[in-house]
Every structure is written in structure tokens, then in C-alpha cells.
There are 2 protein chains.
Amino acid sequence: MDAFLVTHRPNIFYLTGFTGSAGTLLVCLAEAALVVDGRYAIQAREEVRTARVRIMRGDLLAGVAALLRATKRTRIAFEAAHLSVQQRHDLATSTGRSVRWLPVCGWVEKLRAVKDEQELELMQKAAELASGVFEDVLALIRPGVREVELAAEIEYRMRRGGASGPAFETIVASGPRSALPHARPTTKPLTGNELVVFDLGAILRGYCSDLTRTVFLGRPPGRIRRWYSAVRDAQEAARETLRPGVQAGRVDSAARRVLRRHGLLRYFSHSTGHGLGIEVHEEPRLAFRQPARIEAGNVVTLEPGVYVPGFGGIRVEDDVVVHASGARLLTRVTRDLIQL
Amino acid sequence: MDAFLVTHRPNIFYLTGFTGSAGTLLVCLAEAALVVDGRYAIQAREEVRTARVRIMRGDLLAGVAALLRATKRTRIAFEAAHLSVQQRHDLATSTGRSVRWLPVCGWVEKLRAVKDEQELELMQKAAELASGVFEDVLALIRPGVREVELAAEIEYRMRRGGASGPAFETIVASGPRSALPHARPTTKPLTGNELVVFDLGAILRGYCSDLTRTVFLGRPPGRIRRWYSAVRDAQEAARETLRPGVQAGRVDSAARRVLRRHGLLRYFSHSTGHGLGIEVHEEPRLAFRQPARIEAGNVVTLEPGVYVPGFGGIRVEDDVVVHASGARLLTRVTRDLIQL
């Protein structure tokens, strides 16, 4: 292999620090070139130290093809999960038969899954930002306030706290809408005696946090208290299983086992967690039968939930970092059912 | 062709109304199936009327492959620009030789480029939302306030006004940073006697707006007034050229011609505009030598700018819809240089 073409934006950010929305990185053994268009000429030179910046007019991949022709590189690895069939076709057309294209998968993602000290420090701050904002916003939660208003407050306060934006569209889902794991906030006002699920995260200097808490407006009936305990116990079981060397699927099944014991497994419609970092969903995935091994330095979410259609949902989600001895929490909000 | 596999999220939203983050649409002549995972079971059934919703466990494309085997469909078109080499490989592996995969490009994008009345109404509202928020935020612009604070205010107010989020990361770029066309807001406080570029947009019920204005804090020197006039004239020239049947590249060159006449062309590092709709960048592109023809119902931005490295930048951007007789503005903010 003569070079490695990196086209996935989070991977380019990881390798170079470039935060622009368009760029292509060509990594060779002795050097690397970041190809960007004129809009990013100044920014790329400011941000990037690990690669030479080359400004191209027009299509970036055509620029890469020209670079390959000029440097006579002929065996090029590319990110098969992050190059479209069309781009692959265009590249092959413009470089001709002289270049052999080798599909590879997950090379940079595998590096990214293990965070170094500097990354962990940032992720700690991103988690604290989301935690602090959620705790502050608790004061605004009351019957009559609309889901979208609370979402707007959360995103505003994260922004004011230094976030470049939310890590994903903030979820505020109340009453029956809390049964939708990925609900979008609506103009529905909160009422008394209902569940409200908050799922929020900040992007802080390129790294994400992801936090979910469930609130009950009023005095929760026994059934909801029992469901909540089951979800929290499921999260706790997953956290106790989490350590270097264990299979990701075992962490997922630890949570499932608790929910099954409470007769709630059929209400759990997603997986137990996911890696977190530059992307809000990355490696490792804590999913059913996932064979990948957990490593020290992984940062993952633990987020079991139960969703009862037409009634409501409960989810508790924290971010944890895996150490030699187990998992340490990055998010810092009470994990009890919050009654307001 | 027996079926068309749609994998691009904005295209799926356009065809079905589904707003979830994961889904795959298989369109056949008589019917369509939207394949989603369990997280979106309730939401997809709420949102989607034009396709049958099928819930699949695990990988969605594996679910699609199973569906194809079951229905004996053998010639399948797919979106070559929106399926990765890896996904294409996995699909081919799971369907075997019985299925022939036909790459196609831009089928749905071509439909999306021409907006209908209902879409135009939404886009008008999205443009008005951005316009109103910018006008309100003018009151907060003064020396000492930080770029990120203004960006947070803008995004918060768009949210409160009904946006599901910003259409892109809001730009507030002051002083020399305004020379970066895609600058991210920093903690830099505004000072007197400098340019500030604001670029903002809202997503309203799935449709984007995109507005740029340039502000000068203080009394602008003659040079800046001249540059500003040139940029505004360039935008005006592009707008006058814009009508059904004209080549997109001609609209771009109309703006370039004005900037060249003022000796500013070398400071214009991007293209004149882009289509706007479900995505913030879509067809048609108003770029150098772009041969595509403008059609009635296209919505585009017109956003020439000049960027002088180390000194500052000026950009003026509006959203317009193309009618039989010309272009009508959707954004509604004075196009004069704003002095504060």
C-alpha cells in the first residue's frame, strides 16, 4: 500500500484537527496531505499541523486523483464505509488502471475507540457541561411549559457553556411521547402526573456527551417506581460487567437479564449503549451478541430503557470511561427518579 | 427495474415524511416499504402514509436483502452517491447473484430541486424566521459581546420561534476572522471598527433557510463601503440573471463579472450560491461553469463575498425562489451595510 485515503470527516478531524465540513486526507508513510477547497484555505492552515494543506478548485476527489498521478502512487487503501459507490467509480475513472484501490474498514475508528488522557479530559468536561445544564434546567420544568421550550433552554445553556452545538437533537418527550426512544420535542405542554424523558448532549471542542434522565411530574405510582428501579438496576448491572477484555455483547446482556427478570424485556427496543467520542455513536457498540472486546480507554454510554406504547417510557443514560479496574462515570447527575 | 432502494435520509423524508435518523426505503411500482429498527416503530407509523412500515432487528440493509429474497425482486436501482462501497458489497453478498444492482444518481434530488406550493410556504416561513431573529439580535451587537454569545442567542431564538435546530452551525465571525467563509464562532469579543459576518439559518418542519449579513461596528472607512457595494451589486447581478432556462454557471459568472470589475475577484473563494430545501446544500449549484439549467420552483441562495486574509470579509446572502418571470426574495432584511 502506498497511501491511505481518508474521507470520513470525524476521522480527518481525529488525525489532523481540521474542523471544516469538506476535506479529504491522503496519508502516505512519510507525509500526509489534506486537500480542501478555497473556503477553508486559511482555516486549514490554522488548524492543521500533521498534514500539508493543499487547496484545490472544484471537486476534491478529482484533486486527489491528480495528486496520485503526480506522485505515482499506485496502491491506495480507502475507507469502504465512507466512500460512496459513485465516488469510487469517479476515482477509478480519473486515475485509470494504473491505480489499484483497496477497500479497508474501521482503521481510524479502531484508534478512535481508545481515548488518550487529553481526549478523556475533554470528554469529562463535555459530560459535566451536559450534567450541569440539566441540573439547572430542572428549575424550569413544571406543568404548562412546552417540550420545545425546554429543548431550546437546554441547547442555549450548553452553547453558553462553551459547546459548539448539541451532540444530537435534544429530546424532551413527555407523557405517551416518552415511549418514543428518539422523539423530537413538540409544542405539547407538560401536564401533571406524567413521565418526561430528557436526552441531551454537548459537543465541546469536537467531543460529545450524551445524558438521559427521566422525570415524573407529581408523585409517581408504584408501577412507575418499580419500572424505574428495574431500568436503573439494568444500567448498574451493565456497568458492573464493563471492564477490559469482556465482550461488548455481555455488557448488553447483563442489562437485558435484569429487565427480563422484571418482565420488561419486551419493552426494551434498542441496545444498551454505544461508544462516544468525536461521533455520538461510535465503537464499541454494546449491542446484542456483539463479539468485540472492551478495551481500557473506551468511552461508552449505558442507556437501558423501557417503552410502553401509548403510556410512556423511562431511560437512564450515563457516559463512562473504561479503566483497568472497571468503569468510571463521566456524567454527574443523580440516578434516582426525579420527582418534581 | 423491479425496485428502487433509497438510502439518503433527506430523500426518504421527501418521499415519506419520516424524520428518523435511520431508515431505508424500497420503492416498487405498486407499493413502497420503509424499513426501520425498533426505536422508530411508533414514530414511523405516525409519520409515514406513503409506504408500509417494516420493523427489522439488526442491520437495516440485511432486512432489505431479506425482503428482496422474499419478494423475488431481481433488478434493483440504488442511489450510487448514497450507498457506501461497504454497504454495496454487503448487499451483494447477502442477495447473491440473483439480484442485479443498478447504480443511479440524483433521481430524487432532481424532484426535490423543484419545490411545490406547500414547500415554498414552509421555506418562506423558515426564511422569515431567520430574518426576524437576525433583526432582533441586532440589538445585542456591541463591543465586548463575544461571537459565541451571539451565536447562542441566534440559535436559541430560532428554536423558540419553532425551528427544530439551526440549518448549520451559526457563523459569527468578527475582525480578521470574518475573512474565513466558514468560521466557527469563538470567545473573541467584538471590538469597535471591525467587520462582523453573521451567517444563520433555521430548519423549520424539515426545510432550511440560509441568511448572511455583514455588520460594521462604527463608521466604515471608504474602502469597506466600496467593497460592500461591490458585493451587493454582484448579488444583484446574479439575481437579475436568475430565471428559468438559464445555465446555473451564468448566474455564477454574473456575480463574478461585477467583482472582477472592482478588482475583487481574487478575494471571492467560493461559488455564488446553492440550492436550498431539505438540505442546506442541494441542487442546483450556482457554481463556475455549471451547465445545469435553472427551473421554475428552484430555491437558491445568492451569496457572493470578498475575503481579504488577515483583514476581514464581507458577504451578503439571500434566499430566492425562481418564478417564470425571475427571482423573488424569501429573506427579508435590509441589504445595506449595517452600521452599529
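Biologist: By what turn can chain B be laid on chain A?

Modeller: This is a predicted model: local features need pLDDT of at least 70, side-chain atom pairs count only at pLDDT 80 or more, and totals for chains, interfaces and linings use all residues. Residues are numbered from 1 along each chain as its sequence is written, while chains are lettered from A and ligands numbered from 1 in the order in which they are written. Copies are superposed by least squares on the C-alpha atoms of residues with pLDDT of at least 70 in both. The RMSD is 0.0 Å, the shift along the axis is 0.0 Å, and the turn is 180°.

Biologist: As by what kind of axis are the two copies related?

Modeller: Two copies of a chain are related by a rotation about an axis and a shift along it. Here the turn is 180° and the shift 0.0 Å. The copies are thus related as by a two-fold rotation axis.

Biologist: Which residue of chain B comes closest to the rotation axis?

Modeller: Distance is taken at the C-alpha. At 2.0 Å from the axis, the residue is Ser84(B).

Biologist: Which helix gives the largest share of the side of chain B that touches chain A?

Modeller: Contact means C-beta atoms, placed from the backbone, within 7 Å. Chain B and chain A each give 36 residues. Helices (DSSP runs of H or I, at least four residues; strands are E, at least two; both numbered from the N terminus) that supply at least two residues each include α2, α4 and α7 of chain B. With six residues, the largest share comes from α7(B).

Biologist: What is the bridge partner of Val197(B) in β12(B)?

Modeller: β9 (195-200) and β12 (211-216) of chain B pair in the antiparallel sense over six bridges. The partner of Val197(B) is Thr214(B).

Biologist: How far apart are the axes of α8 and α9 in chain A?

Modeller: The angle is about 150°. Over 145 degrees counts as roughly antiparallel (under 35 is roughly parallel, 65 to 115 roughly perpendicular, the rest oblique), and therefore α8(A) and α9(A) are roughly antiparallel. The axes lie apart by 8 Å.

How values were computed:
Two strands pair if DSSP finds at least two bridges between them. Axes are lines fitted to C-alpha atoms, for helices over the stretch in contact, and angles run from 0 to 180 degrees between N-to-C directions. Two residues are in contact if their C-beta atoms, placed from the backbone, lie within 7 Å.
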